[in-house]
Amino acid sequence: MMRDVASILPLAADALAFDAGGGRLIDGIELRVDKGDCLALIGPNGAGKTLLLRLLHGLLPASGGRVAWANGSGAVGGRRQHAMVFQSPVMLRRSAVGNVSHALRAAGHGRAEARRRALAALERFGLAELAPRPARVLSGGERQRLAIARAAALEPELLFLDEPSSALDPGATRQVEAMLADLHGGGMTLVFATHDLGQARRLATRVGFLNRGRLVETGPAADILQSPGHDETRAFIAGDLAW
């Protein structure tokens with residue numbers, strides 16, 4: 001269950017741009033994320049999905065435009081209320097429960113409380129049996145689920161995820177999607193990048209299509225995926241987008 005704190009949402013990107021290597025990689029993006037959204041960012045490889053997530057999360061400085069939070073900072077009481085799960089999450093050289101506890105300690109929880117919360121997060125997502133195992137020897141699917149549980153234990157209002165089931169088998173993908181559905185059902189707002197249109201259909205309430213660093217269109221998931229309003233989006237969904 002989400003904590004009762006002042007909301008950091010909506011989140012708005014206003015003319016957001018990012019330059020690197022002498023080129024513009026993110027170009028004038030206008031985007032709003034409202035409380036309760038489950039927003040899927042779709043588009044071809046190199047479209048800018050990961051860059052956009054990193055800009056919104058504050059991991060990269062924008063070259064132009066701005067990222068604006070409803071409360072001005074994206075933090076409440078000095079704690080950032082948004083987290084991110086990466087496509088290849090970093091696991092520390094400690095147990096699964098130790099990885100989650102470490103994140104909670106870094107967020108300011110005491111040792112005993114951090115361990116209690118970590119064990120509760122693992123139990124919630126069916127990972128309790130992995131608690132004592134070294135995180136770095138877990139399978140790819142187990143590491144991804146652990147990374148999501150680690151982020152969820154921090155109880156962020158907004159969670160960013162970059163290709164949360166990339167390279168996972170169908171069974172592991174179903175487990176990851178079940179976790180995301182549980183988090184969204186519990187009140188967490190999600191923004192995730194995916195190349196899997198089926199995943200977008202199964203999870204998203206809204207979809208944004210990116211191509212060549214531009215946000216071509218956004219809207220309700222059913223509208224974008226079934227009857228997109230832009231030729232580029234239609235071509236991508238049909239598998240005919242020219243490179």
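Which residue is the bridge partner of Ala40 in β10? In this predicted model, for which local features need pLDDT of at least 70 and side-chain atom pairs count only at pLDDT 80 or more, while totals for chains, interfaces and linings use all residues, the partner of Ala40 in β10 is Val207. Residues are numbered from 1 along each chain as its sequence is written, and side-chain values use heavy atoms, with hydrogens and water left out.

The protein chain contains 8 helices and 11 strands, where helices (H or I, at least four residues) and strands (E, at least two) are DSSP runs numbered from the N terminus. The radius of gyration, taken over C-alpha atoms, is compared with a globule rule of 2.2 Å times the number of residues to the power 0.38; the value for the protein chain is 18 Å, close to the 18 Å given by that rule for 243 residues, so the chain is as compact as a globular protein of that length. The C-alpha trace spans about 55 × 40 × 35 Å along its principal axes. Of the 243 residues, 49% are buried, a term that stands for under 20% relative accessible area, with exposed meaning over 50% and partly exposed lying in between (1.4 Å probe, protein chains only).

Strand β10 (residues 206-211) has 6 of its 6 residues buried, so it is largely enclosed by the rest of the structure. Arg206, Gly208 and Leu210 point one way from β10, whereas Val207, Phe209 and Asn211 point the other way. Two strands are taken to pair if DSSP finds at least two bridges between them; strand β3 (residues 38-42) is joined to β10 by 4 bridges and runs parallel to it. With strand β11 (residues 214-220), β10 pairs in the antiparallel sense over 6 bridges, and Phe209 stands opposite Glu217 in β11. The hairpin of β10 and β11 has 2 residues between the strands, and Arg212 takes a positive phi near 50° there.

An open sheet of 3 strands has the order β2-β1-β4, with antiparallel pairing. Because β2 (23-33) and β4 (64-69) stand at the edges, each with a single partner strand, one side of each is left without a neighbour in the sheet. Neighbouring strands of this sheet are turned by 20° against each other on average, direction ignored, where axes are lines fitted to C-alpha atoms, for helices over the stretch in contact, and angles run from 0 to 180 degrees between N-to-C directions. Strand β1 (residues 11-20) pairs with β4 over 5 bridges in the antiparallel sense, and Ala13 stands opposite Val67 in β4.

In helix α3 (residues 111-124), Ala114 is buried, with a relative accessible area of 0%. The C-alpha atoms of Ala114 and Gly98 are separated by 9.4 Å, although the two residues are 16 residues apart along the chain.

On a 1 Å grid over the protein atoms alone, a pocket is an open set of points where a 1.4 Å probe fits, with protein on both sides within 12 Å along at least five of seven lines, and lining residues have an atom within 4 Å of a point. The largest pocket holds about 540 Å³ of space, the volume being the space filled by probe spheres set on the points, which are joined across faces, edges and corners. Its lining comprises 29 residues, of which Ala83, Met84, Ala103, Ala151 and Leu154 lie nearest the centre of the pocket. The elements giving two or more residues to this lining are β6 (79-80), β7 (82-85), α2 (96-106) and α4 (140-153), and α2 gives the most, with 5 residues.
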